[in-house]
Amino acid sequence: MGSRRLDRGGHGVDRSAPVEMTFEGRSLGAFAGDTLASALLANGVDVVCPSPILGRPRGVFSAGVEEPCAFVEVTTPSFEPILPAPMVKALDHLTAVGRPGVGVLVGGDDGIATADHRHLHVDTLVVGGGAAGLREALAAVRQGDRTMLVDERHWLGGTASSDDTIDGIPALAWIDDVAGELRTSPDTAVLTEATALGVYDDGYVVVFERPAPVATLWHVRAGRVVLATGAHERPIAFADCDRPGVMLASAAVTYADRFGVAAGERAVVFTTNHAGHDAATVLAAEGIEIAAVIDVSEGGPASDAMRALGVDVRNGWAVTGTEGDPRVSAVHVAGPGGAAETIEADLLLVSGGWNPVTQLWRGIGGGLRFDEGRACFVPDGAGPPWLSIVGAAAGEVPTSVPFWFTPAQDLSRHYVDLQRDSTVADVLEAVGHDLHSTEHVKRATYIGTAIDQGRTSGVLTAAIVNQAWGDGPGAQGPTNARPPYTPVPYAVLAGRDRGPVLLDPIRTTPIHDWHVEHGAAFENVGQWKRPWFFPAGAESMDQAVARESLAVRNDVGVLDASTLGKIEVVGPDAAAFLDRMYSNRMSTLAVGSIRYGLMLGLDGMVFDDGVVMRLADDRFFVTTTTGGAANVLDRFEEWLQTEWPDLRVYCTSVTEQWATVAVNGPRARELMGALETDVPLDAETFPFMTVRDGMVAGMPARIARVSFTGELAYEINVVGWLGRPMWQAVMAAGEPFGVTPYGTEAMHLLRAEKGFVIVGHRDARRPWHVVDRAQGRLGLRGTPVTLAARHGAPRSQAVGRIAPGRSQHLAARRRADGGPHVGGHGAAGADAGSRHFELPQSIAGQDVRAGHDRRGTRAHRYHPRGAAAGRRHRSRGHIAGLLRRAERTPRRRWSVTTARDPLAARVEDLARIARVTDGAVMLEHVPFLAQVNLRLDPALAERAPYPLPVEPNTVWEDGPRAALWLGPDEWVILGPPHAGAEIVAELEGTLEGLHRSIVDVSANRVALEISGQQAKEILSKGCSIDLHPSMWAPGMCAQTMLGKAQVVLHERADTTGIAVRTSFANYLIDWFGAATA
Amino acid sequence: VLLIPCPWCGPRDETEFKYGGQAHLPYPDDPAALSDEAWADFLFMRDNPRGPWSERWMHVAGCRRWCNVVRDTATNRIFGSYRIGEPPPEVPD
């Protein structure tokens, strides 16, 4: 196997730049500009890999992405399990082996390429960098469009050869000129080795740019998409048409002209169109002997021209088969009247016509029609208005005789889909089983299901099916090919969003670091990390939960409840609004009092729960479950905006503004007293279910007498950045009382014992709690109460439940559905099923039809995995009594440290970003920046102390004050650190008496600032809005997504402000760290 | 990813929005007055046309306003958005 490199030609390779690669352990000499396929051919490698199913030897068949045969696994420079050899750019030290059909993934992250994601907005995106695409891109650039041109190959110009001319000048020179102009034009991106994987709604195109070391997945939003995706030459099926040495005719031209490689020495050309003759002409000029041109047509000028050159042209003949081992050594041909002949040749070039590349076009709704003259399917309108298709992809391909396969008795070696080893016989067998649709035939034969998605086989198969059924030649087209256009590694789709830190944001409370320092085990609650339990020493979970629970029951425990959602609901109609949102009445709540409430879905199921505190006649402080905060706020806004716009109510999320330290237990009052507070703690002046503002341990606090444990409790709410100091103050003051931090497991257990609802853990329907049946409560219509009343059925009643069998932790979340023995025809929800540390059984609260009459009896429930399991109903007090008998365990001691700002621990991470980017990206943190949320009718904007911007997404800024538009009736006022109260006072001063909501949210969001010349590029890795200077300028702001966090961007002259929810701040800094890595 | 024209913020990616289903379905004045069938119909039954229809979206990661959008369910083409209380835009034939 000597070198097949030609002495001359090869305009696409640099013969002065040799490249050494390794294929299957063998050294491959090549040049810069080669592909792995051209290098394999140049080095005489006939067989690249066996075929996937039958193991037949296969070689290079094409010169592009349509390759159905020559697949390789690349191990160096980075691992790629399966790639078509013509699409692998030659690189020094590249190592590959043949890999048919099925790739193998390496384990772990080793060798997996990293990828960035980038968002880009352009006026015009051109897919395909051949002549047609270059022409479109040039026109766009010259009219001033922001333009992107992408091509999957590593060169521009597509299949243009050195013999072609464009606009009267040599094609290659024209291509160089145009590419040069594009590459030097402003706002123009020209990408090679970049594949448009899919075209989606509204000009959204995902482009995979492959070059290592960091691939890029571009999310392009284009005003106009032009598909210049070219056409793929089509093979013809005949016996042993898959043998190495059989190749598409145009591919042989590309290998000779671009790479200077002869695909063989003596060629037979088998063609249905003039492209075969053209190929023969070019190859003859390159020194490849043309043994014969077999043309199925009756002849014409192309045939005559070839004959004039002395070539043996056989019109009306066809190739019937090949022989060779493994490479073609002879070609069998047959002619009119039974003539047959065998021609010696080592290369058989096939041109069965041309298929416009329409996969992207069809994927977004573009239509196709059959073009009889060209024997192919061409675009036929119906696409979205922003999409167009040009050049060969639009149908500008040679006319062709419709000839699909050479008829024969035995069609079982007439390969149609070479990557699936499927034959004409397989297609006919599928038809024989009465399959008509090509989609069904595809599934029966697997044709088109391989990596190449049937690029060379789809139209052929459709034609065979049409012919077999006696339908017209274009009756059915090829099956649809869905995105991605070519395979893309999952690692690229994942981008940087991988691993425990970036896959999903981890939200943490201001007290989180303390929990970590004290060995907490954590539980995920939504995106939050909550302490699950605090094991002391070698304690097991059971032991820790037992100790924590007992501490709360007997002495005092402390829980970080900061994750609870918190919403301020303000306005003259706030009380009426909450009456509608909750299943019980809130308007009768006295100022300073608290009421527990359930929110129901319209179907009567529990949507969320929490407590409502009335701070003033027109001001409520609402808490939600940890996981339900966003849903509750969205629901409030939905009803206020869409159903009851007449209600004068404003809602503001303050979840991170407040940190909550819940002190629970019989000695809670003693502990509170030791904390030093000016709030009287006695039960008479500060009774259960009331709220008081005051100083606690020298910090301003809001104390709520609410209890989710059934014990004496005080929930201390402080501004977020005082969360940890307050927690530490509680730990220090509580030491004499044996204060014990407890986690969510003990919390659930304590709650369950009291029969409290735990929303989000169970389907819970609590008819006993629906105390108010006044009209207007959302969800009442669907509750069991209502339904029972309407239909006269017995009501469900909540009872305690003990399971006789095996016990489980809450972690093993079970769901108990009441079967026929329990609840009649309806299902009953159990809101907690938790193992008590002392009891051998699980306990739970459960709604049971006529439950009060069933105390002490056995209930049965349906278990999806087995027989009904018994449950014994007990009164709630019984369990609590059992609880107190357990032994106490020694407690740990805690120490107080000083307070820090929320990102104090991240200073070095911020500095590192500037360092690794050499100052191109600088990310800074502005601690304690004052932020006050203002809700106000825009018609009253002029009453504010500042000129509030009413133009969406704009900013008013003057010295230390700024007002950012967040919504048509919402602004955030910025001020210097710690000036929140001052701003509140300024706003209250001029807006008093008006319907408005003024809420200090300084601790709710963390303020970052990004600057540097690459700042926008980094932002574009995670932000989908258009940050081009023509669209985004100083004085603008936007609420949007950055990575997986909601942010408020605020553009200044030389920095971009980024405000992010405090609980997402650590995630966002980690995200920036990865984006700048 | 649809490009949804927020009536306030302009065109933004669908990923910034929350879907709200069929638009113009007012909450019944008196749910208790409805038969079980009528109530179930309100709760669960929605139109499912092929072609343009009005649906609700909330710009949840942006200005947090609800709006209505006329979208062709067959092509995903959006014919415009309008604020709550405003009339829908004309849909060309």
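I started with the aromatic rings and count 24 aromatic pairs over all chains. My rule takes rings of Phe, Tyr and Trp (its six-membered ring) with centres within 6.5 Å, and calls planes under 30 degrees apart stacked, over 60 edge-to-face and the rest tilted. Before going on, I note that this is a predicted model, where local features need pLDDT of at least 70 and side-chain atom pairs count only at pLDDT 80 or more, while totals for chains, interfaces and linings use all residues. Residues are numbered from 1 along each chain as its sequence is written, chains are lettered from A and ligands numbered from 1 in the order in which they are written, and side-chain values use heavy atoms, with hydrogens and water left out.

**Entry: two pairs in chain A**

I looked up A:Phe621 and A:Trp658, which make an edge-to-face pair at 5.9 Å centre to centre, with 90 degrees between the planes. A:Phe621 belongs to strand β37 (residues 619-624) and A:Trp658 to strand β39 (residues 658-664) of chain A, so the pair ties together parts 37 residues apart in sequence. I take helices (H or I, at least four residues) and strands (E, at least two) as DSSP runs, numbered from the N terminus. For burial I use relative accessible area: under 20% is buried, over 50% exposed and in between partly exposed (1.4 Å probe, protein chains only). A:Phe621 is buried at 1%, and A:Trp658 is buried at 16%.

Next I turned to A:Trp721 and A:Phe928, also an edge-to-face pair, with 4.9 Å centre to centre and 85 degrees between the planes. How many residues apart are A:Trp721 and A:Phe928? They are 207 residues apart, with A:Trp721 in the loop between β42 (713-719) and α18 (723-734), and A:Phe928 in the loop between β50 (922-926) and β51 (930-936) of chain A. A:Trp721 is buried at 18% relative accessibility, whereas A:Phe928 is partly exposed at 23%.

**Entry: a cluster and two arginines**

I found one aromatic cluster made of A:Phe577, A:Phe636, A:Trp639, A:Trp644, B:Tyr27, B:Trp39 and B:Phe42. I then checked for charges over rings (NZ of Lys or CZ of Arg within 6 Å of the ring centre and within 35 degrees of the ring normal). A:Arg58 lies over the face of A:Tyr415, 5.5 Å from the ring centre. In chain B, B:Arg56 lies over the face of B:Trp66 at 4.6 Å from the ring centre.

**Entry: helix α5 of chain A**

I followed helix α5 (residues 274-285), whose twelve residues reach 17 Å from first C-alpha to last, close to the expected 16 Å. The expected span is 1.5 Å times one less than the number of residues. Its buried residues include A:Ala275, A:Ala279 and A:Leu283. At the start of α5(A), a side-chain oxygen of A:Asn273 comes within 3.0 Å of the backbone nitrogen of A:Ala275.

I noted a cis peptide bond from A:Thr76 to A:Pro77, with omega near 10 degrees; A:Pro77 sits in the loop between β5 (71-76) and β6 (80-84) of chain A. Another cis bond joins A:Pro483 and A:Pro484, with omega about 0 degrees.

A:Glu193 is not a glycine, yet its phi is positive, near 50 degrees, and this residue is buried at 12%. A:Asp240, again not a glycine, has a positive phi of about 55 degrees and is buried at 6%.

Technical notes. A polar contact is a pair of N or O atoms within 3.5 Å; within protein, one must be able to donate a hydrogen and the other to accept it, and residues adjacent in sequence count only if both atoms are side-chain atoms.
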